[in-house]
Amino acid sequence: MPSRLPHPVPYQGSKRVLAARIGACVPRGVDVWFEPFAGSAAMTLWALEAQVARRYVIADVLAPIAELWTSIIDAPAETARRYGTVWHGQKPGDRDYFNVVRARYNAGCDPVDLLYLICRCVKNAVRFNADGHFTQSVDRRRLGMAPKRMTAAIAEASRLMRGRTEVRRGDWIATTADAGPRDFVYLDPPYLGTTIGRDRRYVRQLQQVDLIVGLEDLHDRGVRFALSYDGMTGEKTYGAALPASLGLTRLLLDAGTSAQATLSGRSERTIESLYLSPGLKPPSVPCSALQEAAGPSS
Ligand SMILES: C[S@@+](CC[C@H](N)C(=O)[O-])C[C@H]1O[C@@H](n2cnc3c(N)ncnc32)[C@H](O)[C@@H]1O
């Protein structure tokens, strides 16, 4: 993503770094662009800048994320002001401030509190327990995005999105139910490997079987889509194969050095898969940036 594009919600796992390369596979002249697993909505911000669609829909099952986006789009100055107030509340030596905000968020679900928690928590990696409570801890080495930078990012995101972007809240099947053949859906569901079991990265878990049923429905309705799904870091592969009956083309994108591996003293690259629905053509770009895999997944 060109650095001029705003990124007010610094989610770990954001598609910010890959946005331009994923964008190279996206059709132009789209009627409605959908991003139903929005998180930081990095791809939608890219698509708005690239003007690929007439209208945009972002959605997330996590209600405070959806509310945060509504607030960023409709009330940028007030949202930035409130973020500044929460951020300036942290004082040197006050080791408990983050936990106070976290407890307040878990009681009231204020989206601006969530924004502060995302900015200040370990590796910007949100974590929730089974009750939907935010459980990630504070990163003591950083203060989180400074209010001045946040104000600029919010203002620019609002400028790009306002009047063209609808925010929805809910499960992706429901929030893309009205997508049709002239539309395009970009999907970045939580990885199964990181969300099922003890490591609950996102508030809602997604079963592969539900994902496949939803993809088959998009396919049957003639909706074009791209899916960021599985990948590999070093020797480790994550994500299960998708059925060949979907007719998807799988591309491999080099997402760069794995931050997690670097922290553990290893230098490993992360490769992410991008699956394209039938009819979408991979672009012709140098293999180092984008490499077509052996064929459709099976
Ligand atoms: C991998 S993150 C998306 C990151 C995003 N692409 C970005 O650039 O920041 C997955 C998001 O999907 C949301 N989510 C999880 N299950 C969902 C579901 N069933 N329907 C809609 N959203 C869901 C999570 O709350 C999370 O924000």
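1. Starting with the overall picture: 40% of the chain's 298 residues count as buried. Bear in mind that this is a predicted model.

2. On how the chain folds back on itself: take the contacts between residues at least 6 apart in sequence, and 68% of them join residues at least 24 apart.

3. As background, nonpolar side chains in soluble globular proteins tend to be buried together.

4. Trp 69 deserves a look of its own. Setting aside neighbours within four places in sequence, Trp 69 is in contact with Ala 38, Ala 41, Ile 58 and Val 167.

5. Next, a helix pair to check on screen. Helix 2 (residues 42–50) packs against helix 7 (residues 147–161) at an angle of about 60°, and their axes are 10 Å apart. Angles between 35 and 65 degrees fall in the oblique class, so helix 2 and helix 7 are oblique to each other. The crossing of helix 2 past helix 7 is left-handed.

6. Which residues make that contact between helix 2 and helix 7? From helix 2 come Leu 45, Leu 48 and Glu 49, and they meet Ala 157, Leu 160 and Met 161 of helix 7. By class, the residues of this contact split into five nonpolar, no polar and one charged.

Notes
Residues numbered from 1 in each chain as written. Predicted model: local features only at pLDDT ≥ 70, side-chain atom pairs only at ≥ 80, totals over all residues. Axes fitted to C-alpha atoms, helices over the stretch in contact; angles between N-to-C directions. Helix = DSSP H or I, 4+ residues; strand = E, 2+ residues; numbered from the N terminus. Parallel < 35°, antiparallel > 145°, perpendicular 65-115°, else oblique. Left-handed = near helix turned anticlockwise from the far one by under 90°. Contact = placed C-beta atoms within 7 Å. Nonpolar A, V, L, I, M, F, W, Y, C, P; charged D, E, K, R; others polar. Buried ≥ 20, exposed ≤ 12 C-beta atoms within 10 Å, placed from the backbone.
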